[in-house]
Amino acid sequence: MKIEWAHYINDNVVEEIYYEQLDDTLYQSQYADHLFCITEDCDAEIKFTERKDGIKFFSTMNGQGDKHLLECPYYINYDGEVPRKKLIGVPVDASVSDEWILSTLLNKSRDLKNKNKPRAKRIKEPGSTSRVVNSGEQIVPVPTDGATAGNNPIDANIRYGSINSNFVTNEFLGQRKRVLGTALHAELIENNDEDYGYIRLQNDTIQINAYFPPAFYADTRVTTKNALAAFLNSINRSISSGKKVTIICLGLLEENKNGGGINVNITHYKHVLANEDQYYKVVRTGMVSDNPYPD
């Protein structure tokens, strides 16, 4: 499995680093020996490689494949003591509750606020790092939209990956992701009774929008077009006043057919945060709180 990013940990500094940000000189001077797996409590070291043809990638440090946790997707399957079956993926419905999605966004927000705090080290029991051997096959559920799932119930075990809007590319089209990024502009667009809203997110290469389709406000028992307009106007006023607004949202990444780029489709008000504020807090107060995240 391709390693898209790693944790940079140096004393009290903890940052998410993507291999696109690095070159060999920068890696050797600052990041070597300070990159670790992104899986929580996983202490395997990550290395950066830049080939002569310009291809860049992350990989597990040589000899540390079995330092990944057994449940980590980057665990390397050595011969050893713990039997593990070859997993046969079976597509399943990956739908989850809106409350569950909101909780994952709030968890991500909490992680961002604490990113400069040193990561707690996991104390492993003797013998807890075990190698594995193949022992047959096992059928496991695999959500069809790019998330990962564990055992039943499906809703309780789906995990959506996170990505900074700066690093969204066309490779992620068709996947559902948590996307976080700095808001540049927000607006409700009138479009022949198919009005839609968007929040432009920072990306220096392609246009990335948190996109609010007409379906977002179709059920007036949940929210209305006027409430969406109030939400977007509050964000835009905050941006115009010089306030940094960080958006954390979850949605399906699709091609923007209204002008190129990529839309993160937001279909429910619980699928978006602005500076950790939930949708209806912004609608009620007409403002966005100060940015709570360290630079």
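A search of the whole structure, which is a predicted model, finds 14 aromatic pairs.

**Aromatic residues**

- Both F212 and F231 are buried.
- Another pair is formed by Y279 and Y280; because their planes stand at 85 degrees, with the ring centres 4.9 Å apart, the pair is edge-to-face.
- Y279 has a relative accessible area of 0% and is therefore buried, whereas Y280, at 25%, is partly exposed.
- F212, F231, Y279 and Y280 belong to one aromatic cluster, together with F216 and Y269.
- A pair of aromatic rings is described by two quantities, the distance of the centres and the angle of the planes.

**The chain as a whole**

- The protein chain contains 4 helices and 15 strands.
- It has 295 residues, and 41% of them count as buried.
- Among contacts between residues at least 6 apart in sequence, 63% join residues that are at least 24 apart.
- The accessible surface of the chain amounts to about 15,700 Å², and carbon and sulfur atoms account for 47% of that area.

**A6 in strand β1**

- A6 lies in strand β1 (residues 5–10).
- The relative accessible area of A6 is 0%, so this residue counts as buried.
- Although 32 residues separate A6 from I38 in sequence, the two lie 5.4 Å apart in space, C-alpha to C-alpha.
- When neighbours within four places in sequence are left aside, A6 is in contact with E15, E16, I17, L35, F36, I38, I46 and F58.

**Cavity and pocket**

- The structure holds 1 cavity of 30 Å³ or more.
- The space in the largest cavity is about 30 Å³.
- Its lining is made up of E4, W5, Y18, E20, I163, F167 and F172.
- By type, the lining of the largest cavity comprises 5 nonpolar and 2 charged residues, with no polar ones.
- The second largest pocket contains about 210 Å³ of space.
- This pocket is lined by 13 residues, and those nearest its centre are E20, F167, V168, T169 and E171.
- The lining of the second largest pocket consists of 5 nonpolar, 4 polar and 4 charged residues.

**Backbone angles**

- Most residues other than glycine have a negative phi.
- D33, which is not a glycine, has a positive phi of about 70 degrees.
- D33 is located in the loop between α1 (24–31) and β3 (35–36).
- With a relative accessible area of 55%, which is over the 50% cut-off, D33 is exposed.
- N275 is likewise a residue other than glycine with a positive phi, near 50 degrees.
- The loop between β14 (272–274) and β15 (277–278) holds N275.
- N275 has a relative accessibility of 2%, which is under the 20% cut-off, and therefore counts as buried.

Note on methods
Residues are numbered from 1 along each chain as its sequence is written. This is a predicted model: local features need pLDDT of at least 70, side-chain atom pairs count only at pLDDT 80 or more; totals for chains, interfaces and linings use all residues. Side-chain values use heavy atoms; hydrogens and water are left out. On a 1 Å grid over the protein atoms alone, a cavity is a set of points where a 1.4 Å probe fits but cannot get out, and a pocket is an open set with protein on both sides within 12 Å along at least five of seven lines; lining residues have an atom within 4 Å of a point. Grid points are joined across faces, edges and corners, and a volume is the space filled by probe spheres set on the points. Ala, Val, Leu, Ile, Met, Phe, Trp, Tyr, Cys and Pro count as nonpolar, Asp, Glu, Lys and Arg as charged, and the others, Gly among them, as polar. Helices (H or I, at least four residues) and strands (E, at least two) are DSSP runs, numbered from the N terminus. Buried means under 20% relative accessible area, exposed over 50%, partly exposed in between (1.4 Å probe, protein chains only). Contact means heavy atoms within 4.5 Å. Accessible areas come from the Shrake-Rupley method with a 1.4 Å probe; for residues, only the protein chains shown count as cover. Rings of Phe, Tyr and Trp (its six-membered ring) pair if their centres lie within 6.5 Å; planes under 30 degrees apart count as stacked, over 60 as edge-to-face and the rest as tilted.
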